[in-house]
Amino acid sequence: SAAMTWAIRDGFGMIGGLFFSYKASPHFDAHVKEFRLLADVFNDIGLTLDLALPILLTLTAPSWISVLSTYLPSPYLLLTSLSTLCKVFCGICAGATKGNITDHFAISGNRADVNAKENTQETLVSLMGMIMGVGLAKWLHCLEKKDDTSALGDKLMTDTQYISWTIFMILTVIHIWANYVGIQRLQLRTLNGARAKVLLQQLIENCSDWVMLDITDDDDAARRRTIERCEKMIKNPRQINESLWSSLLEMLWKGDIHLGIRLRDVAKITSNSSPIYGGDGVKRLGTNKWSSSAWQLYLNDEFGHENFVIFIDEKPIKSQSTILVLMKVGAGDVDELKAFIHAHILHRCIERGTDASHRILLRRSHKITECLFEKGKIGIDLHSILSHAGWDMSRLYLGFSPWRCEWTNKDD
């Protein structure tokens, strides 16, 4: 019945919305631009399904679909449910990102004023669309009267329907393009993973150059010059424009750097490989399992005063090794930024290829990273420099999971 179809369709949308919110909610703050664009894409997909519904129902289904039809709901219910699901996704994405975009425009703290203007603009655009839609509908109705529907034959659509689809597709493309351009021009002050990579790309490259150098006598002087160059490379939010597609891909695929892993992920690595982090930079233990002394040596020797620990998951091809970052209990935004930069410097060094052991690369990359966060004769305070450049350092969305670990030292 119609009531049952309505209930199933809306129930499917509600269940899908709950699942989508559960999976996507941790990423809304970090990927504001991407989800704002996805909201419009979902909306246009739903509208396309609504418009295509009469045509799709008239098509002759292939034999294999006919076999499955006994196990699937009716085509009408399936298509309307998918359309509803897309519109639910659109509402979730738009609602979740609206607050951050409003804060971006409310420079003077006039959030209510910006909200009122946004609602007024939306009302005006909807009114203009309704007027133009009524005019277009009347014109198409006049054309439809002239069509000879009896002579339609094997044609899938009438001339009027072809015109309707052409106009719809043109407007859809313009809608997606206009939204992409508008979102791309947003200059958000918060740092997510993709934005931080663009901002710190030159800094990471510059620091990796120092790590790769064979420096002996003039180590401090060379390190000071590297840090001084890094300080001049920081740009303000208006100068940074990250790619939406690369940011969306980063959200779906972690890549070779995993931030905020669980302790059990480290256990998998340490149980399958010998510790390569000995003082001489070579494998020292013959077993395939880390002993307690090996753990204590690595954690205390290199990261004893840090709120994060970095592990390297070696691959047969050295340049494809994965960097794993484990965060300790009590780690804050500064620790996350420091771990983020350290991991990317180390990953860049491994990518470039070198005969040096991972232990040496790890130690030297850690040394140059410390100089970026310890203001002194050689070091600078990168966190404060970014804040003075206009970035909102009170909240970072660099892609770290909420997992934190804590451990104590015990003898074997």
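Accessible areas here come from the Shrake-Rupley method with a 1.4 Å probe, and for residues only the protein chains shown count as cover. With that I looked up the chain total: the accessible surface comes to about 23,500 Å², and carbon and sulfur atoms hold 59% of that surface.

I noted that this is a predicted model, where local features need pLDDT of at least 70, side-chain atom pairs count only at pLDDT 80 or more, and totals for chains, interfaces and linings use all residues. Residues are numbered from 1 along each chain as its sequence is written, and side-chain values use heavy atoms, with hydrogens and water left out.

Whole chain. I found 40% of the 412 residues buried (under 20% relative accessible area, 1.4 Å probe, protein chains only). I counted contacts (heavy atoms within 4.5 Å): among those with a separation of 6 or more, 73% join residues 24 or more positions apart. The chain has 14 helices and 5 strands, taken as DSSP runs (H or I, at least four residues; E, at least two) numbered from the N terminus.

Helix α1. I checked residues 2–24: the 23 residues reach 32 Å from first C-alpha to last, close to the 33 Å expected (1.5 Å times one less than the number of residues). Gly-13, Gly-16, Gly-17, Phe-20 and Ala-24 are buried in α1. The buried residues of α1 pack against α2 (32–58) and α4 (75–105).

Strands. I looked at β3 (residues 308–313) and found 5 of its 6 residues buried. β3 pairs with β4 (residues 322–327) in the antiparallel sense over 6 bridges; pairing needs at least two DSSP bridges. Ile-310 has Val-325 of β4 as its bridge partner.

Notes
Buried < 20%, exposed > 50% of the residue type's maximum accessible area, 1.4 Å probe, protein only.
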